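Hi,

Here is the structure I promised to send over.

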Amino acid sequence: MTEPGEREAEAAGRRPKTLVFGASGYVGTNLVPRLLAEGVPVRAAARNRRVLEARGWQGVEIVAADALRPETLGAALAGVDVAYYLVHSMAAGRDFGRLDLEAADHFARAASAAGVRRIVYLGGLVPRDADSEHLVSRKETGDRLRAGTVPVTELRAGIIVGPGSAAYEVMRDLVFNLPVMVTPKWVQSKSSPIALPNLLEYLVRLPRIAEAAGGIYDAGGPDYLSYEQMMRIFGEVIGRRLRILRVPVLTPTLSSYWLGLVTAVPASIARALVGGLKHDIPAHDADIRRLIPQPLMPFRESVEAALEAERRHDVAARWTEGAFPFRHYRHDYAYYAKKAGGSAIANASPAAVWKVVTSMGGDNRYFYMNVLWWLRELADWLVGGPGFTRGRRDPGSLRLGDAIDYWTVLGLEPERRLTLNFGMKAPGAGILEFEIEPLADGRTRLTETAYWHPQGVWGLLYWAVLVPFHLFIFKGMTRAMARRAEALEGRGPGSLTSP
């Protein structure tokens, strides 16, 4: 059953505008294409506009907005009929609970002022004895949104089974990379995992149902499993037999540190996640099953579908979190990337900076601390890698697929972005990306970022050893490239000779 506002809009020949607030997150990234497939006009909002632009969505209006900056919300909510609220502050660290409530207050007031018909909020399953900040914060966020005048439909989900879901990615990293696991007691806690496609179906259909306005609904799959049972089933799907040793002394706090050592999931997210996993969290989902009947995927089938969804991932032109091609099409390479980078501002045009960036490699080498590059190449050569491979097709131009020494050009956007794949032997997959941003004063910012998707503990250790060198080299390298660009245009001190 559709609501009056929606029927009137459709009678007038237009579909209501839908805002996905938090579109850069895991669920938002998957919800936007699902809404587009339904023919729904979508406006996507996130703090960082460029992250959304990297998604390559066609026909989506993109805006930058931050619920902690209420002055940005008016433009995001203008003309919106339904607003999905998908943001949380777990990655912000220990103060995320207060930030979540502040953001919800701002959003509720702005939605009311904009005349929004419905807010759909994705929260989390809440056990009766919940005491973790993560679970309590998700519940209180819903309460704050309901304190406004716009009707709120809250969908509470537990573990979401799909690429990018934090709980799923912890499971993936553990099962793929630890043949023997030392686990805390919380692996015995049970919950009702739900497949991503089933969750998206609920989210898409809920705002169309008048009865759901003001309702709170649990969403779960057909299985009620412990985290250990889920890991064992995951292992069976990928053909790995697990050995699990439970240790009672691993408290939630110690467990979060342990996960930081053996998985690539960001530490702040892991800490919040573990706090919630110590509870049994069943989904009392009879109400939503009645409203929106659909076949619910069992956990095993959900895992198989998640792995298959990654295999179908298209080749991307630039790095995005979890993109399967940038993980060498390997499920055992972590979804979440470790990152390091540096930037510099050049008193030069984007064209000059681009000319310098695309001249790297071959005889030009890497413009800064070439001795350190040589040492890394030597180490790779000693283990049979291509470290001493030198040269490029053309010293003055690049095209997709070109080799630059041991790098491969994966993405090429002239005067904007160059994306390179790392070709040395290492326990994981690496991407190096250069971004060029023109500034209002006629100068240009050059940013260099390395993304590393580790393969297990060895991949994490490899990154930990090299990241100090990366930070040092990238800062110096971007400065050296900026000075070269200035020299090309005669706008600053610089040298056209290799350092």
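Helix α15 (residues 370-382) and α16 approach each other to within 11 Å between their axes and cross at roughly 150°. Axes here are lines fitted to C-alpha atoms, for helices over the stretch in contact, and angles run from 0 to 180 degrees between N-to-C directions. The two helices, α15 and α16, are therefore roughly antiparallel to each other (angles under 35 degrees count as roughly parallel, over 145 as roughly antiparallel, 65 to 115 as roughly perpendicular and the rest as oblique). Their crossing, α15 with α16, is left-handed (the near helix is turned anticlockwise from the far one by less than a right angle; clockwise would be right-handed). On the α15 side the contact uses Leu372, Trp373 and Arg376, and on the α16 side Tyr462, Leu466, Phe472, Ile473 and Met477, where contact means heavy atoms within 4.5 Å. By class, this contact of α15 with α16 holds seven nonpolar, no polar and one charged residues (Ala, Val, Leu, Ile, Met, Phe, Trp, Tyr, Cys and Pro count as nonpolar, Asp, Glu, Lys and Arg as charged, and the others, Gly among them, as polar).

A word on the source: this is a predicted model, in which local features need pLDDT of at least 70 and side-chain atom pairs count only at pLDDT 80 or more, while totals for chains, interfaces and linings use all residues. Residues are numbered from 1 along each chain as its sequence is written, and side-chain values use heavy atoms, with hydrogens and water left out. Helices (H or I, at least four residues) and strands (E, at least two) are DSSP runs, numbered from the N terminus.

Of its 21 lining residues, Trp373, Arg376, Tyr462, Leu466 and His470 lie nearest the centre. Two or more lining residues come from each of α15, β18 (428-438), β19 (444-454) and α16, and α16 gives the largest share, seven residues. The pocket lining divides into 18 nonpolar, two polar and one charged.

For the terms: on a 1 Å grid over the protein atoms alone, a cavity is a set of points where a 1.4 Å probe fits but cannot get out, and a pocket is an open set with protein on both sides within 12 Å along at least five of seven lines; lining residues have an atom within 4 Å of a point. Grid points are joined across faces, edges and corners, and a volume is the space filled by probe spheres set on the points.

The whole structure has two cavities of 30 Å³ or more. The second largest cavity, of about 30 Å³, is lined by Asp173, Asn177, Val262, Thr263, Ala264, Ala334, Pro454, Gly456 and Leu460. Both α7 (166-177) and α16 (456-489) give two or more residues to that lining.

Helix α16 has another partner: the axes of α14 (residues 350-357) and α16 come within 8 Å and cross at roughly 120°. That makes α14 oblique to α16, and their crossing is right-handed. Ala352, Val353, Lys355, Val356 and Val357 of α14 meet Met481, Arg484, Ala485, Leu488 and Glu489 of α16.

Lastly, helix α2 (residues 26-37) packs with helix α8 (residues 196-205) at about 65°, their axes 10 Å apart, in a right-handed crossing.

Best wishes
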